[in-house]
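Me: Please take a close look at one part of this model and describe its surroundings. Then carry on from there to the rest, with cut-offs for the terms you use.

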Amino acid sequence: MTGAPARRQAVRELIAAGLAEAAACRSVAISRSSYRYVSRRPDETELIEAIKAIRERKRRWGYKRVWARLRKDGYAVNRKRVERLWREQGFTQPARRPKKKRRSGETVPVAAEHANHVWTYDFIFDATAGGRRLKVLTVLDEYTRLALAIVPGRSLTAATVKGVLAKLFARHGRPKVLRSDNGPEFVAFELTEWLADLGASTYHIEPGKPWQNSFGESFHARLRDECLNCEEFWNLDHARVVLESWRCEYNTEHLHSSLGYATPAEFAAAQQPTTVLVPA
């Protein structure tokens, strides 16, 4: 027999059978004070329901982000308590099998030092109903983690990328550096010369070194995990609506541990403006 609750139950059964309390406790090797212990744990029903409500919306969040969300919502609860309830409710996520990575110990080149310093842009691929390919352009501010754009299309060319960036520059200002891989859309003369004329530097990561674009890789993993793998896009217009909705939710609700569990929007709002306006 193991565990105090099981021993207390055994004592209760022996007493009900006519044995004295002291003798019943001796027979199951539990002290009388332990048998008489009454838990003073507060009613946690409301807290459990709050955890369930967050988890219902954020299936891939772990207990740490849920704890941070609860604190923002006004619950005075410590992290260990949330972790205990998380385990008791069986919410622990199965561990992902990590991909085998080859690292050289190098750090990310041209690390972002302030908002609008370094943007990263890249493509991620999916499909709409019927199997037609969907190509998605993402643009991210590496410092604030703001998802600036998620644009789906059937065929996104260098001209399309240029058009998306022009709109973002008008809205947010021009970054100092744009980071990308060596995809033909990103190294195209039409795009690189236009960026150079505006005074924006480009950094193309070295082949075989995805960690040089670690912010983009991490963002794509979350986009795939929380949206692309969960949604079936009926058509291109449906994909636009769903991806834009997810982008807005990500910016305003996703709690980044590296930002002190602030959302990208909260962190960006706290930064001093450092934008460089596009010349007329």
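Reply: Beyond neighbours within four places in sequence, Arg-133 is in contact with Phe-125, Asp-126, Ala-127, Gly-153 and Arg-154 (contact: heavy atoms within 4.5 Å). This is a predicted model, with pLDDT of at least 70 needed for local features and 80 or more for side-chain atom pairs, while totals for chains, interfaces and linings use all residues. Numbering runs from 1 along each chain as its sequence is written, and side-chain values use heavy atoms, without hydrogens or water.

Arg-133 sits in strand 2 (residues 133-141). Helices (H or I, at least four residues) and strands (E, at least two) are DSSP runs, numbered from the N terminus. Arg-133 is partly exposed, at 48% relative accessibility. Buried means under 20% relative accessible area, exposed over 50% and partly exposed in between, with a 1.4 Å probe and protein chains only. The C-alpha atom of Arg-133 is 9.9 Å from that of Leu-236, although 103 residues separate them along the chain.

Val-77 gives another view. It lies in the loop between helix 5 and helix 6. Val-77 is buried, at 3% relative accessible area. Outside its four-place sequence neighbourhood, Val-77 touches Leu-47, Trp-67, Leu-70, Arg-71 and Val-82. Its C-alpha atom is 45 Å from that of Ala-166, 89 residues away along the chain.

How do helix 4 and helix 6 meet, and at what angle do they cross? Their axes come within 11 Å and cross at roughly 75 degrees. That makes helix 4 roughly perpendicular to helix 6. Leu-47, Ile-48, Ile-51 and Arg-55 of helix 4 meet Arg-81, Val-82, Leu-85 and Trp-86 of helix 6. By class, this contact has 6 nonpolar, no polar and 2 charged residues. Nonpolar covers Ala, Val, Leu, Ile, Met, Phe, Trp, Tyr, Cys and Pro; charged covers Asp, Glu, Lys and Arg; the others, Gly among them, are polar. Axes are lines fitted to C-alpha atoms, for helices over the stretch in contact, with angles from 0 to 180 degrees between N-to-C directions. Under 35 degrees is roughly parallel, over 145 roughly antiparallel, 65 to 115 roughly perpendicular, and the rest oblique.

Helix 7 (residues 158-172) and helix 9 (residues 189-198) cross at roughly 25 degrees, with axes within 9 Å. Helix 7 is therefore roughly parallel to helix 9. Helix 7 contributes Ala-158, Ala-159, Val-161, Lys-162, Leu-165, Ala-166 and Phe-169, and helix 9 contributes Glu-190, Leu-191, Trp-194, Leu-195 and Leu-198. That contact holds 10 nonpolar, no polar and 2 charged residues.
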